[in-house]
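Here is a short note to read beside the structure. Please keep the view open and follow the points in turn.

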Amino acid sequence: MNKKITVVGAGFVGTTCAKRIIEKNLADVTLMDIVKDLPQGKALDLMQSAAIEGFSKKITGTNNYGDTRKSDIVIITAGSARKPGMSRDDLFKINSAIISEVVTQISKFSPGAIIIMVTNPLDAMSYLALKISGFPPGRVLGMAGILDSARYSYFLSEKLGCAPSEIQSMVLGGHGDTMVPAPRLSKFMGKPVTEFLPAGEIDEINRRTRDGGAEIVKLLKTGSAYYAPSSSAVKMAENIINDIHETIPCSVYLNGEYGLRDIYFGVPVKLCAGGLKEIVEIELTGEERDNLEKSARSVAETINKLK
Ligand code: APR
């Protein structure tokens with residue numbers, strides 16, 4: 001039987017996720033939104049591309065959570081997107097009410113699902129989803145590190161004059177202004193990028209990566225990024241459905257790993273068919289650890305607002 005992925009939120013991120021899933025023939029998709037007819041219209045439009053794109057999986061749109069029943073994976077993108085001048089944390093109040101409602105419904109109709117949270121502020125919304133769903137932590141994952149690392153790879157590739165896919169980069173920590181791009185752990189031709197670029201240039205790329213989301217908000221003016229975020233969420237779904245144990249950074253619940261407890265935080269992990277397979281603990285330098293701890297304090301502050 002085909003796997004079933006529900007995407008909640010038929011906005012920019014959700015619809016682009018649905019399009020990527022269906023074009024990869026990964027799973028059947030149920031696209032859910034509260035706006036009447038919107039997900040149905042987007043699903044119909046996507047299905048009408050099937051004869052040209054050659055996919056065989058089905059996408060349906062709905063306003064009824066009953067139709068999301070027995071999903072294997074639920075990607076949650078419902079919420080408000082960041083507007084210019086708004087930080088991810090400004091979104092906190094609006095989106096926590098939305099996520100509480102969405103996760104209550106999802107856990108009722110798909111009690112065995114794996115949740116991939118995309119809505120910002122990401123680490124806090126993932127924590128909220130864990131608490132509301134009552135799911136084990138290994139089935140509630142947050143999408144952030146893959147996106148931040150992909151941005152880092154792109155900016156580094158521009159300076160190095162290589163393809164972005166030739167760089168295996170690593171961005172750790174919270175998905176916000178305190179995220180920790182790790183140049184020592186980011187490799188080009190198997191060697192740290194610090195061996196190829198001067199410190200000043202790396203500092204500038206680190207800053208641009210931390211501001212990666214805000215730079216796009218400023219350009220788009222009425223919304224936030226969606227192409228790279230949807231690629232990142234679908235990569236997590238692919239890792240789960242195809243049981244790939246690749247090491248990728250995701251926001252997961254930490255219970256002592258990296259010296260942190262009761263927090264969702266971006267660290268390298270391996271995903272598998274059941275969700276989280278393993279949290280990979282890398283040896284960090286003193287400076288990297290200090291930066292991670294600073295980032296953890298900032299994430300914990302946002303999470304504490306939920307308690
Ligand atoms: N249930 C289902 N869908 C909802 C709900 C709800 N309770 N509340 C809002 N939505 C839907 C909206 O109707 C809209 O279609 O969520 C969708 C959000 O889409 P956009 O406004 O286009 O936002 P998008 O750019 O997709 O970003 C969504 O992802 O990357 C994050 O920061 C971003 O938190 C934001 C989220």
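1. Exposed lysine in a loop. Keep in mind throughout that the model is predicted. Start at Lys70, in the loop between β3 (59–62) and β4. Lys70 counts as exposed because its relative accessibility is 68%, and the cut-off for exposed is over 50%. The backbone deserves a look as well. Phi of Lys70 is near 60°, a positive value in a residue other than glycine. Most residues other than glycine have a negative phi.

2. Another positive phi. Asp243 is not a glycine either, yet its phi is positive, at about 55°. Find Asp243 in the loop between α9 (227–241) and β12 (247–255). Is Asp243 exposed or partly exposed? Asp243 has a relative accessibility of 37%, so it counts as partly exposed.

3. A cis peptide bond. Most peptide bonds are trans. Look at the bond that joins Asn120 and Pro121: this one is cis, with omega about -5°. Pro121 sits in the loop between β5 and α5 (122–133).

4. Strand β4 and its side chains. Strand β4 covers residues 73–76. Which way do its side chains point? Ile73 and Ile75 point one way, and Val74 and Ile76 point the other way. All of these residues are buried. In a regular strand the side chains alternate between the two faces of the sheet.

5. The partners of β4. Strands of a sheet pair through backbone hydrogen bonds, either parallel or antiparallel. Strand β1 (residues 4–8) runs parallel to β4, and 4 bridges join them. Within this pairing, Thr6 stands opposite Val74 of β4. Strand β5 (residues 114–117) also pairs with β4 in the parallel sense, over 4 bridges. Here Ile73 stands opposite Ile114 of β5.

6. Thr62 at strand β3. Thr62 lies in strand β3. With a relative accessibility of 4%, Thr62 counts as buried, because the cut-off for buried is under 20%. Its side chain makes a polar contact with the side chain of Asp67, at 2.6 Å. Sequence neighbours within four places aside, Thr62 is in contact with Thr30, Leu31, Met32, Asp33, Pro39, Gln40 and Asp67.

7. Two domains. The chain is divided into domain 1 (4–142) and domain 2 (145–306). Their centres, taken over C-alpha atoms, are 22 Å apart. How many residues of domain 1 are in contact with domain 2? The count is 39 residues of domain 1, in contact with 44 residues of domain 2.

8. The area between the domains. The size of an interface is often given as the accessible area lost when the parts come together. For domain 1 and domain 2, the buried area is about 3,400 Å². Carbon and sulfur atoms give 70% of that area.

9. Polar links across the interface. The count between domain 1 and domain 2 is 1 salt bridge. There are also 9 residue pairs in polar contact across this interface. Which elements of domain 1 give two or more residues to the side that touches domain 2? They are α1, β4, α4 (92–109), β5, α5 and β6 (140–142). Of these, α5 gives the most, with 8 residues.

10. The salt bridge of Lys24. Lys24 forms a salt bridge with Glu238. The closest N and O atoms of Lys24 and Glu238 are 3.6 Å apart.

11. Thr16 in helix α1. Helix α1 (residues 12–23) holds Thr16. Is Thr16 buried or exposed? Thr16 is buried, because its relative accessible area is 11% and the cut-off is under 20%. Which residues beyond its neighbours within four places in sequence does Thr16 contact? They are Tyr226, Tyr227 and Ser230.

12. An open sheet of 3 strands. The order of this sheet is β7-β10-β11, and the pairing is antiparallel. Why is one side of β7 (167–168) and of β11 (191–192) left without a neighbour in the sheet? Both stand at the edges and each has a single partner strand, so one side of each has no neighbour there. Strand β10 (residues 187–188) pairs with β11 over 2 bridges, in the antiparallel sense. In β11, Pro192 is the bridge partner of Lys187.

Conventions:
Residues are numbered from 1 along each chain as its sequence is written. This is a predicted model: local features need pLDDT of at least 70, side-chain atom pairs count only at pLDDT 80 or more; totals for chains, interfaces and linings use all residues. Side-chain values use heavy atoms; hydrogens and water are left out. Buried means under 20% relative accessible area, exposed over 50%, partly exposed in between (1.4 Å probe, protein chains only). Two strands pair if DSSP finds at least two bridges between them. Contact means heavy atoms within 4.5 Å. Domain bounds come from an automatic or database domain assignment. Buried area is the accessible area (1.4 Å probe) that two parts lose on being put together, summed over both. A salt bridge is a side-chain nitrogen of Lys or Arg within 4 Å of a carboxyl oxygen of Asp or Glu. A polar contact is a pair of N or O atoms within 3.5 Å; within protein, one must be able to donate a hydrogen and the other to accept it, and residues adjacent in sequence count only if both atoms are side-chain atoms.
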